[in-house]
Each structure stands twice: as C-alpha cells, then as structure tokens.
Amino acid sequence: MSIIETSGLGKRYGKSWALRDCTLEIPSGQVAALVGPNGAGKSTLMNMAAGLTVPTAGTVTVLGGEPAGSPAALDGIAFAAQDAPVYKNLSVRDMLHLTRNLNRRFDQRSAQARLADLGIPLGKKAGKLSGGQQAQLALTLALARRPRLLILDEPLAALDPLARQDFLSTVMTAMADDGVSVLLSSHALADLERVADYLVVLSGGEVRVAGQVDDLLAGHRVLTGPAEAADQSAAQLSTVQVKRAGAQAHLLVRTSGPDDPVPPGWEAYTVGLEELTLAYLRAPGTPGPSLVQHTQPTEVAR
Amino acid sequence: MTMLTLPAQPLPGIKPVPWRGMAWVTWRQHRATLISVPAVLGAIAVFLWIMGLKIHHDYAVLTACHPFDSNACQTLNINFNQTDWTTGNTVNILLHLVPPLIGVFAGAPVLARELETGTFRYAWTQGIGRARWTIAKLTLLALAITAVAGAFSQLYAWFFQPFLAQEDMTVYTATVFDMRGVDFAAWTLAAFSIGVFFGMLIRRIVPAMAATLGVYLGLALTTWGIRAHYPLALVTSKPVSLIFFNVSEPLVVATWYTRPGGQPASQSVVSQFLSNFHNGSRPTMTWTQGLAHYGLTQWTRYIPVSRFWPMQLFEGGWLLVFSVLAIAATVWLVRHRAA
C-alpha cells in the first residue's frame with residue numbers, strides 16, 4: 001500500500017511553480033525522507049499531502065487512496081508543521097485538551113507519560129518552552145492521535161544535536177510500536193540518513209530522484225578512471241554526474257548490479273547516500289530513476 | 001463441523017469528530033473576547049442603569065411640573081436639557097463605536113491570527129477538519145456576541161426613552177433607530193462577520209482591522225441614507241404636520257403636490273403656496289385653507305410610528321442575511337484558499 005501517492009502534482013504561486021509534475025509512490029510502514037535545499041518544494045508537497053494546500057495540478061492521495069484533506073485522511077494523518085506547531089499562549093495541558101477535542105482518538109495517558117519522561121511541565125505555557133521542547137510537544141500531540149501517517153516538516157531545524165537524537169528516537173519508537181508511517185523533511189540529508197528507508201530528493205520544485213534507499217545504493221556506483229576517457233565513458237553509460245580531479249575522473253553511474261561489466265581502465269566503487277543525493281542535486285535536469293518501480297532495481301537502472 | 005465465523009465487519013466509516021468539543025476549544029481560545037465583551041458591556045450597563053434611574057426621575061419630575069411656563073418648571077427643563085441630555089447624547093455617540101470595535105478587535109483577529117502566526121497548520125490538520133472547525137467557532141462566537149449586544153440594547157432603549165420626547169427626536173432618528181430594538185444586535189453581528197471575513201481574506205490582523213472599520217462605516221452610513229426607502233412607506237393625501245419633531249411623528253420620506261386632475265403641480269404655484277408660511281410672518285390662512293385656495297393636493301410618503309417593529313425587523317433581517325453570507329464566504333475561503 002502507498003501511504004502517499006501523487007500524480008503530476010503541482011502547485012503554482014503567482015507565476016512560479018513551487019512544485020511541478022511530481023509523481024511519487026511512497027510505500028507505507030517506513031520512514032520516508034524528503035530532502036532538498038530551502039525552497040525546493042518540500043513544505044509545499046507536505047502541505048498538499050496534509051490537505052492544507054489545494055494543488056494547482058495533478059492529484060495526491062494518502063493512506064492508500066484517500067484524497068488528501070478528506071475526513072478519512074485528516075483522521076489518519078498527524079502533521080507537525082515547521083516553526084509554529086503550537087499555540088504559544090496556551091499551557092501544555094490546554095494543548096493536550098485542545099487536541100483531544102479536535103480528534104476522534106486521543107491517547108491522553110501516553111501523551112502525559114511522554115511529557116513526564118521529557119520533563120515538560122503540563123502547567124507551562126507552550127510559548128515558554130525551549131525550541132526542542134516545543135518540537136517534542138508537537139510530536140507528542142501528533143502521536144497521541146494514533147495516526148497511520150506522521151508528517152513532520154523540518155522537525156529538526158530548531159533543535160540542538162542532542163535534542164535531534166531524542167526527537168528521532170521518539171519517532172523511531174513510535175514506528176516500531178505502532179507501525180506509524182513517517183514522512184520527514186530536512187534541508188540536510190545528514191539529519192535523516194540514519195533513519196530513512198525511502199528517499200525523495202527535491203530541488204527547484206522537481207523530484208530529482210526517489211526510491212528505496214537500499215535500491216538507490218545498489219542501483220548506482222562510482223567509476224574511477226582516467227580523466228581523458230571520462231567523456232567517452234560517460235556517454236556510453238547512464239551517467240548522473242562527472243567529477244574531475246586532476247588526471248582522474250569520478251563518474252556516478254546507474255547500474256543494474258555488482259555484476260555489471262566495468263569498462264576497461266575503470267574501477268567501480270559503491271556510493272554513499274550523501275554523495276548520491278548531492279550528485280542529483282548538482283545535476284539539474286537529470287531525470288532520476290523511475291519512481292514507481294522503486295522495488296525493481298533492474299528497472300531503476302534502465 | 002463448520003466453525004462459526006463472525007460476519008465480516010463493515011469497514012468502519014469515519015464518524016465526524018463531535019461538535020461539542022468545539023465549545024471548549026472556542027471558549028479556551030477566545031476567552032479574552034468571551035469575557036471582555038460581556039464585562040465591558042456589563043460595566044456600561046451598570047452605568048446606564050444608575051444614570052437611567054436619575055434621568056427617568058428627572059423626567060418624571062419635569063413632566064409632572066405644572067404650569068409648564070412657570071420659572072420653576074423652566075429651570076427644571078433647562079437642567080434636564082443640559083445635564084441629563086449631555087449624558088444621554090454622549091453615551092449615544094460613544095455606544096455607536098461598540099459594533100465597529102467588536103468587528104475590529106473580536107472579529108478580524110479570529111482567523112487572521114491563525115494565519116499570521118502559522119497556527120492554522122495545526123488547527124486545520126486535526127481530525128475535525130477545517131470547515132467544521134470554522135463553522136463551529138464562528139457560530140458560537142457570533143451567537144455569544146449577538147446575544148450580549150441584544151440584551152445590552154434593551155437596557156439602552158429604556159435608558160434613552162425620556163430623550164425621545166424631550167429632545168425633538170422620533171423613533172426613526174438615525175442615531176436612535178440603530179441603537180434600539182433588534183438593530184444594535186444586528187449591527188454588532190454584521191460588524192463581527194465583516195471582521196472575520198476580512199481577517200480570512202487579508203490574512204493579516206492590522207490590515208484586516210482597518211478594512212473592517214472602513215467597510216463597517218461605509219455600510220452604516222449608507223444605511224442611514226437608504227433606511228427611509230425600505231418598502232414599508234405609506235402614501236397619504238392628508239396633510240401631515242411637518243412643524244415639530246416628536247416621538248409620535250412619522251418618518252416623512254417625500255412630499256409632492258398635484259393639481260385637481262392629478263397632474264403634478266407647477267413649481268411656481270407650490271412656491272406661492274409655501275411663501276404664505278415662510279419668513280416667520282403670521283400666516284393669513286391655515287395649511288388646509290391654503291391648499292384649497294391654490295387648488296393643490298398634498299401627497300406624503302411616510303413611515304408611521306406603528307411601523308417601528310416592521311422597520312426594525314426589515315433592517316435586522318437584511319443584516320442577518322448579510323452576516324450569514326459573510327460568514328459563509330469566510331468558510332468558503334477557509335476551504336478553498338487555505339494556504
């Protein structure tokens with residue numbers, strides 16, 4: 001089942017497209033990471049999936065076919081937005097009560113237990129909490145709704161490294177315990193590299209690459225060889241990026257597997273996720289692997 | 001052996017989140033409005049009640065005074081017109097600010113604050129859905145504010161009653177009509193609705209407040225101009241006295257004259273007729289004799305005092321429709337132009 005499925009999805013603000021021609025099929029039961037520079041269209045995509053923003057073009061469904069923003073979608077999705085996830089003038093207790101009144105399900109006991117673990121006092125105004133505590137409060141409120149999909153827009157941006165680790169471990173625990181699917185965004189891949197099962201790289205409002213992290217890593221490799229042969233080899237292979245360093249050149253190419261023949265004079269290396277992501281971000285216009293057939297590496301390497 | 005199997009459970013439909021939760025949400029988020037509006041109007045009501053007792057007492061003494069031409073009675077009269085009327089007039093002018101202030105400070109921020117601070121991304125992604133959230137919140141706030149304003153204006157009508165007769169006013173005097181009956185509540189509701197609409201349209205608190213004030217004032221002043229043209233006027237050929245205003249006077253919309261055949265009278269004949277009653281000179285004939293002398297019939301379109309309540313309900317009615325449309329447009333904007 002797809003937790004989020006988009007087809008030709010686009011959003012235009014005035015004359016510029018914040019997101020265009022986005023076709024994705026994100027599988028459920030995983031942590032999907034949405035990575036890209038600021039202004040890449042991450043928030044726009046998440047807002048449309050959460051039902052906040054009406055698409056200009058295309059469609060988006062969630063939870064296996066529910067239209068985004070429909071009652072069933074709202075019931076099953078918890079969304080913690082960037083920057084302002086809580087009412088600053090309400091106490092933590094009031095935020096719990098508010099969220100309980102606005103939803104069909106609310107696990108008050110687990111929410112209070114989690115806040116107690118985190119040392120967040122119920123009587124304190126949400127606006128007086130630290131950035132990390134506010135993010136944890138928003139996450140606690142979202143998880144207490146027992147969602148099937150948790151959408152977190154740049155949840156780590158305001159957090160220090162320790163708080164990031166705490167936050168992600170809370171998310172991972174919820175995933176393991178309740179089977180929540182998670183969609184996280186960040187402008188820095190390093191934040192999400194360790195937790196992401198599925199990766200979507202966005203840049204300039206377009207999807208650069210999307211797929212299972214394992215498939216992406218298996219479907220790409222770096223070839224190192226003589227710089228003078230780089231252009232010729234690059235033309236023959238499905239090349240994402242060419243990097244030259246003195247007499248040597250590094251090509252990031254798509255591959256159908258470790259048994260793919262290596263051109264004579266070149267050596268093959270596995271690629272890291274960060275290197276792969278950066279290559280796609282730096283090579284605008286390069287279409288990424290097919291998005292829908294993400295489970296079939298052979299198709300990816302077409 | 002066959003095992004008994006439970007029939008397949010129908011897929012659980014998504015039952016909507018109950019409305020009643022929104023009562024607490026509205027109360028908690030708009031406590032400031034829901035406390036301060038009744039508190040401020042309540043404090044003013046106490047003042048009106050205390051002042052009203054004095055004014056009613058003064059008025060009773062004044063009307064009981066006999067003979068009216070005596071020095072004692074004239075002193076009372078002057079005192080009433082100066083002291084009590086100063087209070088009444090000031091209160092009347094200031095209370096006209098209540099509906100626009102409610103529109104500006106209670107109406108405009110309801111949605112604009114959510115949009116300005118970004119908290120709409122929390123509120124509108126909860127299970128209840130943003131349409132229900134908006135409808136429930138606006139309905140509860142509108143009902144509370146309208147009810148408080150309605151109750152307040154009944155006290156105000158009692159407070160102001162002595163001035164109607166004493167200060168040359170009719171029930172249709174513009175600034176009196178819209179403070180009494182259902183009109184004050186209707187204008188308060190309209191101001192609130194204008195506020196929430198512009199809050200959602202403009203999405204910024206301060207510009208929305210300015211737009212609310214401007215549109216409310218425009219609407220209120222326009223209404224002063226068109227009120228006489230509500231389709232509730234009567235036409236009579238009986239001469240209507242136009243000399244003194246008084247609480248029992250009708251609202252005269254238009255006057256014109258015809259000749260015996262029914263054609264409009266020429267302007268010169270009317271001028272000649274009217275000149276008999278101008279310049280403070282002692283008229284040589286009564287109004288009725290004058291009309292007969294010049295062969296004129298006087299026609300008057302007027303709204304009798306007995307139509308006060310139909311007039312109130314007509315204005316209250318269209319303001320209610322206007323307010324419901326403004327709130328419906330706001331809900332439409334919330335649903336379709338969220339982000």
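The model is predicted: local features need pLDDT of at least 70, side-chain atom pairs count only at pLDDT 80 or more, and totals for chains, interfaces and linings use all residues. Residues are numbered from 1 along each chain as its sequence is written, and chains are lettered from A in the order in which they are written.

**Contact between chains A and B**
- The contact takes 25 residues from chain A and 22 residues from chain B, where two residues are in contact if their C-beta atoms, placed from the backbone, lie within 7 Å.
- On the chain B side, α1 (20-29) and α6 (120-123) each give two or more residues; helices are DSSP runs of H or I with at least four residues, strands are runs of E with at least two, and both are numbered from the N terminus.
- The largest share of that side, four residues, comes from α1(B).

**Domains of chain A**
- Chain A has domain 1 (2-204) and domain 2 (214-300), with bounds from an automatic or database domain assignment.
- The C-alpha centres of the two domains of chain A lie 33 Å apart.
- In chain A, 11 residues of domain 1 are in contact with nine residues of domain 2.
- β2 (16-27), α7 (189-192) and β9 (198-203) of chain A each give two or more residues to the domain 1 side.

**Helix α4 of chain B**
- Eight of the 10 residues of α4 (residues 98-107) of chain B are buried, that is, 20 or more other C-beta atoms lie within 10 Å of their own, with C-beta atoms placed from the backbone.
- Among the buried residues of α4(B) are B:Val98, B:Ile102 and B:Ala106.
- The buried residues of α4(B) pack against helices of chain B including α2 (31-64), α3 (71-95) and α7 (130-166).

Methods. A residue is buried if 20 or more other C-beta atoms lie within 10 Å of its own, exposed if 12 or fewer, and partly exposed in between; C-beta atoms are placed from the backbone.
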